[in-house]
Amino acid sequence: MADPRHIVRTHDIDWTQVPSRRHPFNPASEMQRVGLGDQTGMRRVLTNLIRLPPGKESFIAHAHAVEEEFIFILEGSGQVTLNGQIHNVGPGDFIGFPTDGVVHGFRNTGEADLLYLTAGERARVEVAEMPSIGKTAVFRPGRITMYGDDAVDELTEEEWGARSRLAQNPEPK
């Protein structure tokens with residue numbers, strides 16, 4: 001009998017078939033992401049299994065205004081930066097990101113891939129401060145508005161996704 005859609009067997013993931021992506025505004029970012037919650041039909045909590053190669057970062061350092069999120073490390077070693085202070089983390093460590101304005105970033109400092117579970121809310125609108133590039137992003141269904149001191153940029157979800165693709169990944173069909 002096949003598993004119900006409520007069960008995702010993560011040991012069956014073929015990581016060679018999962019494309020690598022990056023945060024569109026962080027050239028040090030590279031990760032593979034499997035949307036676990038989406039596979040089970042979850043709509044209110046975004047839940048992903050993420051693999052970071054050695055030396056790579058997950059996203060650009062940011063702080064949330066609306067959505068909380070967390071990281072739970074399964075394998076590997078890394079560093080989380082919280083308001084500029086670096087903390088070493090490893091398997092079994094849980095890092096919570098409430099909406100308290102703390103700017104956070106995450107990097108794999110080990111010699112092997114770092115595997116972690118992350119989840120966060122899916123609010124209709126999210127606001128994220130990205131101080132390293134001097135921008136505030138407002139995420140709404142279908143579009144992202146980037147506010148900076150010098151300009152306001154509008155991106156569609158498709159444009160954001162195109163900026164996230166790495167050169168070795170083909171366009172999705």
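1. In this note a residue is called buried when its relative accessible area is under 20%, exposed when that area is over 50%, and partly exposed in between, with a 1.4 Å probe and only protein chains considered. By that rule Asp113 is partly exposed, because its relative accessible area is 29%.

2. The model is a predicted one, in which local features need pLDDT of at least 70 and side-chain atom pairs count only at pLDDT 80 or more, while totals for chains, interfaces and linings use all residues. Residues are numbered from 1 along each chain as its sequence is written, and side-chain values use heavy atoms, with hydrogens and water left out.

3. A salt bridge here is a side-chain nitrogen of Lys or Arg within 4 Å of a carboxyl oxygen of Asp or Glu, and nine salt bridges are counted by this rule. Strands, which several of the points below rely on, are DSSP runs of E with at least two residues, numbered from the N terminus.

4. Asp113 makes one of these salt bridges with Arg51, and their closest N and O atoms are 3.7 Å apart. The two residues belong to distant parts of the chain, since Asp113 is in the loop between β9 and β10 (114-121) and Arg51 is in strand β3, 62 residues apart. Arg51 counts as buried, because its relative accessibility is 14%.

5. A salt bridge also forms between Lys56 and Glu30, where the closest N and O atoms are 3.9 Å apart. Lys56 lies in the loop between β3 (45-52) and β4 (63-64), and Glu30 in the loop between β1 (20-21) and β2, so this pair ties together parts that are 26 residues apart in sequence. Lys56 is partly exposed at 26% relative accessibility, whereas Glu30 is buried, with a relative accessible area of 19%.

6. Arg140 and Glu154 meet through their side chains in a salt bridge of 3.9 Å, N to O. Because Arg140 lies in strand β12 (residues 135-140) and Glu154 in strand β14 (residues 152-156), the pair ties together parts that are 14 residues apart in sequence. Glu154 counts as partly exposed, at 46% relative accessibility.

7. Three strands form an open sheet in the order β7-β6-β9, and their pairing is antiparallel; two strands are taken to pair if DSSP finds at least two bridges between them. The edge strands, β7 (85-89) and β9 (104-108), each pair on one side only. Strand β6 (residues 78-82) and β9 run antiparallel and are joined by five bridges, and the bridge partner of Gly78 in β9 is Asn108. In general, the strands of a sheet pair through backbone hydrogen bonds, either parallel or antiparallel.

8. Gln32, found in strand β2 (residues 31-35), counts as buried at 13% relative accessibility.

Definitions and conventions
Helix = DSSP H or I, 4+ residues; strand = E, 2+ residues; numbered from the N terminus.
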